[in-house]
Amino acid sequence: MNEPIIVDEQTFEKVVLQSEIPVLVDFWAAWCGPCRAIAPVLDEIAKEQEGKLLIAKLNVDENPTLAAQYRITSIPAMKVFQGGKEVHEIIGAMPKQMIENELTGII
C-alpha cells in the first residue's frame with residue numbers, strides 16, 4: 001500500500017528529485033487547517049496511483065530552507081516534480097477531483 005512519504009532537507013533530493021516517477025510534494029504545516037483537510041485526499045491519491053505517482057509531505061516549519069527555495073508563500077501548496085524539475089504547481093485546498101484534474105497529463 002502506497003502512502004505519502006515524509007521528506008526533509010536531508011531526503012528531498014533522493015526521494016523527490018531523483019525519483020523515477022512523478023512526485024507531488026505537499027508543502028504543509030501542523031497548524032494549517034486546510035493542510036490537514038487535504039491530507040486524507042492525498043492519502044487516497046497515493047494509494048490509487050501507486051507506481052505512477054509518489055506523494056511526499058514536507059513540513060515548511062521544520063524545513064524553511066526548502067520552503068524558501070521553492071517559493072512557498074502560502075499553504076497548502078503542492079508542487080509536482082518530474083525528472084528532477086518542478087513541472088506543475090497547485091495552490092490551496094481543493095476536492096479530490098480537482099486535484100486529479102490538475103494531475104491530468106502527468107499521471
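1. A residue is called buried when its relative accessible area is under 20%, exposed when over 50%, and partly exposed in between, using a 1.4 Å probe and protein chains only. By that rule Asn 59 is buried, because its relative accessible area is 8%. Asp 61 has 47% relative accessibility, so it counts as partly exposed.

2. The model is predicted: local features need pLDDT of at least 70, side-chain atom pairs count only at pLDDT 80 or more, and totals for chains, interfaces and linings use all residues. Residues are numbered from 1 along each chain as its sequence is written, and side-chain values use heavy atoms, with hydrogens and water left out.

3. Helices (H or I, at least four residues) and strands (E, at least two) are DSSP runs, numbered from the N terminus. Asn 59 belongs to strand S3, residues 54–59. Asp 61 sits in the loop between S3 and helix H3 (64–69).

4. A polar contact is a pair of N or O atoms within 3.5 Å; within protein, one must be able to donate a hydrogen and the other to accept it, and residues adjacent in sequence count only if both atoms are side-chain atoms. The side chain of Asn 59 reaches the backbone nitrogen of Asp 61 at 2.9 Å. The side chain of Asp 61 in turn makes a polar contact of 2.6 Å with the side chain of Trp 31.

5. Contact means heavy atoms within 4.5 Å. With neighbours within four places in sequence left aside, Asn 59 is in contact with Trp 28, Ala 29 and Ala 30. Asp 61 and Gly 51 are ten residues apart in sequence, and their C-alpha atoms are 29 Å apart in space.

6. How many residues of S3 are buried? Six of its six are. In a regular strand the side chains alternate between the two faces of the sheet. In S3, Leu 54, Ala 56 and Leu 58 lie on one side, Ile 55, Lys 57 and Asn 59 lie on the other, and all are buried.

7. Two strands pair if DSSP finds at least two bridges between them. S3 runs parallel to strand S1 (residues 5–7), with three bridges, and Ile 6 has Lys 57 as its bridge partner in S3. S3 also runs parallel to S2, with six bridges; here Val 23 is partnered by Leu 54 in S3.

8. Strands S4 (residues 77–82) and S5 (residues 85–91) pair in the antiparallel sense over six bridges. Ala 77 has Ile 91 as its bridge partner in S5. The hairpin of S4 and S5 has two residues between the strands, and Gly 83 there takes a positive phi near 60°.

9. Rings of Phe, Tyr and Trp (its six-membered ring) pair if their centres lie within 6.5 Å; planes under 30 degrees apart count as stacked, over 60 as edge-to-face and the rest as tilted. The structure holds four aromatic pairs. The rings of Phe 12 and Tyr 70 have centres 5.4 Å apart and planes at 40°, so this pair is tilted. It links distant parts of the chain, with Phe 12 in helix H1 (residues 12–17) and Tyr 70 in the loop between H3 and S4, 58 residues apart. Phe 27 and Tyr 70 form a tilted pair, 6.4 Å centre to centre with 45° between the planes. Phe 12, Phe 27, Tyr 70 and Phe 81 form one aromatic cluster.

10. A nonpolar core is a set of buried Ala, Val, Leu, Ile, Met, Phe, Trp, Tyr and Cys residues joined through side-chain atoms within 4.5 Å. The largest has 22 residues, of which Phe 12, Val 16, Val 25, Phe 27, Ile 72 and Ile 75 touch the most other members. H1, S2, S3, H3 and S4 each give two or more residues to this core, and S2 gives the most, with four. Apart from this core lies another, of 15 residues, among them Ala 46, Ile 55, Met 78 and Ile 106.

11. Beyond four places in sequence, the residues Asp 26 touches include Leu 42, Lys 57 and Pro 76.
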